[in-house]
Amino acid sequence: MRKNVVKKVTAVSLAATLAFGSLISAFADLGITGGANTYGVATAAVTPSTAPSTAPTPGTGIVVDGTNGWNSQGAGLQEIRDNYSTNVTFINEPFLRDQDNWSNFVMETNQVGDVKGVTMRADAYSWTYGDGATVVPTVTVETSWGDDWAAFREACAGEVVLSVYKLNTKTLKFDIKFKNDLTESYTITYPTAIPTGLGFYVGADGARITITDISYSEKKMEADPTTKPTVKPTVKPTVKPTVKPTVKPTTKPGVVKPVVPAKLTVKETAGYDKATSYTLVKGKKVTIATSISPAKASQKIKATVKGKVVTAKVKGNKVTITAKKPGTAKVTIASTAKASVKKVVTVKVVKKAVKAKKVTVKKATLSIKRGKTGQINIKKITPANTTDKVTYKVTKKLNGVSVDKFGKVKVTKKAKKGKKATVTVKVGKKASKKVTIKVK
């Protein structure tokens with residue numbers, strides 16, 4: 001597991017002020033004392049509850065849609081108890097926003113008196129907030145996916161289980177379990193003690209979450225870590241040992257256990273990502289790039305072909321498939337370190353080219369902030385088995401706006417607010433679709 005230390009940021013507030021009175025009232029039996037949080041909702045002091053939080057009606061859930069704002073409060077202010085873990089289960093539905101944090105959700109502790117609150121995002125980024133507060137907790141985060149953004153993106157879409165508990169009297173833990181056995185853990189350490197009346201929120205960040213369950217489970221607190229004495233001993237030992245140790249270490253220094261591959265993903269190196277299904281004309285080629293997670297695992301791959309209609313050649317982390325004769329073949333791309341970590345690609349070879357007639361996109365207009373990126377997503381190509389390639393090009397140019405071969409649009413600080421650019425998506429020579437890029 002790779003450990004990332006999240007920098008402390010003071011006096012940061014979110015731009016959006018969102019109203020969620022109905023959700024707050026749904027959890028009004030919780031015993032929390034605190035100040036205004038970054039969602040702009042004030043919490044009131046009430047008598048602590050002895051029963052678990054109000055859970056959603058089975059089969060319905062609480063649906064929270066953050067597509068119209070930077071984020072939105074989902075679970076209401078939840079109580080954090082001694083020797084118990086507060087567990088929130090929800091379904092995260094990303095892909096509804098075009099900013100680069102489209103797959104995030106947000107967790108947040110409330111500000112309590114002079115102690116700042118902490119906002120944490122699912123992509124391992126956090127900051128503190130609280131006007132007038134001077135006590136700043138320390139925040140660290142650990143993730144199991146390291147630098148593999150693709151693995152995080154896929155795992156984040158689906159069921160998420162969040163468990164919040166007190167590790168000891170000074171330390172608060174947020175343990176997150178995604179699908180594909182990927183995990184993330186935030187640790188919040190307070191200078192003296194976790195403040196009384198501290199609670200937390202779960203919210204959507206430009207996406208949509210459905211909270212399906214909120215419950216408590218027993219989680220015993222650990223003893224507080226002991227502090228080392230600050231005074232050095234004044235008397236040095238006068239007797240030196242006369243016998244050297246006879247036991248030698250059994251392992252050689254510097255020997256590192258190899259990281260075991262967990263997952264292999266594939267992507268076409270140019271144009272529309274068809275993932276694991278391709279149609280090629282006899283004699284044509286397609287090159288597929290691979291990545292193995294965790295990032296520190298061996299990236300070496302091998303390719304085997306079932307069916308004599310294509311050949312596959314491996315170079316580095318890429319596989320080039322060449323169509324030889326009409327028919328269908330399956331190409332298995334696997335890790336050389338662990339054969340079970342693999343992807344199977346289906347390739348259909350045809351005699352004549354299948355021309356694309358039409359292409360549609362999921363969004364014809366993207367609004368992107370300066371300094372951010374957005375993604376053009378193709379909805380459908382007709383016919384689906386076309387052999388034509390997809391290209392992206394800025395046809396109405398604007399300084400500071402560019403697009404790569406995968407349809408990722410980048411807007412730099414040079415672009416002027418309020419201006420527009422146009423990116424044309426083409427499939428072959430006949431099928432095309434224009435996408436308007438608005439600079440925010």
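Visitor: How many helices and strands does the secondary structure of the protein come to?
Guide: The model is a predicted one. Its 440 residues include a buried share of 44%. As for secondary structure, the protein comes to two helices and 31 strands.

Visitor: Among contacts between residues at least 6 apart in sequence, what percentage join residues at least 24 apart?
Guide: Contact here means heavy atoms within 4.5 Å. Counting the pairs at least 6 apart in sequence, the share that joins residues at least 24 apart is 66%.

Visitor: Which strands are the edge strands of the open sheet formed by four strands?
Guide: The sheet has mixed pairing and the order 16-22-21-18. An edge strand here pairs on one side only, and this holds for strand 16 (277-281) and strand 18 (301-306). From one strand to the next, the twist averages 25°. The edge strands are therefore, given that two strands pair if at least two bridges are found between them, strand 16 and strand 18.

Visitor: In which sense do strand 16 and strand 22 pair?
Guide: Strand 22 covers residues 342-350, and five bridges link it to strand 16. One of the bridge pairs sets Ser-277 against Thr-346 in strand 22. The sense of the pairing is parallel.

Visitor: How many residues lie between strand 21 and strand 22 in their hairpin?
Guide: Strand 21 and strand 22 pair in the antiparallel sense over eight bridges. Val-331 has Val-345 in strand 22 as its bridge partner. The number of residues between the two strands of this hairpin is six.

Visitor: Which element gives the largest share of the largest nonpolar core?
Guide: This core has 37 residues, and those with the most contacts inside it are Phe-105, Leu-172, Phe-174 and Phe-178. Leaving aside neighbours within four places in sequence, the contacts of Leu-172 include Ile-80, Val-164, Tyr-186, Ile-188 and Leu-198. The largest share of the core is four residues, and it comes from helix 2 (residues 149-156).

Visitor: How many residues make up the other core, which lies apart from the largest one?
Guide: Ile-368, Ile-378, Ile-381 and Ala-431 are among the residues of this other core. Its size is 25 residues.

Methods. Residues are numbered from 1 along each chain as its sequence is written. This is a predicted model: local features need pLDDT of at least 70, side-chain atom pairs count only at pLDDT 80 or more; totals for chains, interfaces and linings use all residues. Side-chain values use heavy atoms; hydrogens and water are left out. Axes are lines fitted to C-alpha atoms, for helices over the stretch in contact, and angles run from 0 to 180 degrees between N-to-C directions. Buried means under 20% relative accessible area, exposed over 50%, partly exposed in between (1.4 Å probe, protein chains only). A nonpolar core is a set of buried Ala, Val, Leu, Ile, Met, Phe, Trp, Tyr and Cys residues joined through side-chain atoms within 4.5 Å.
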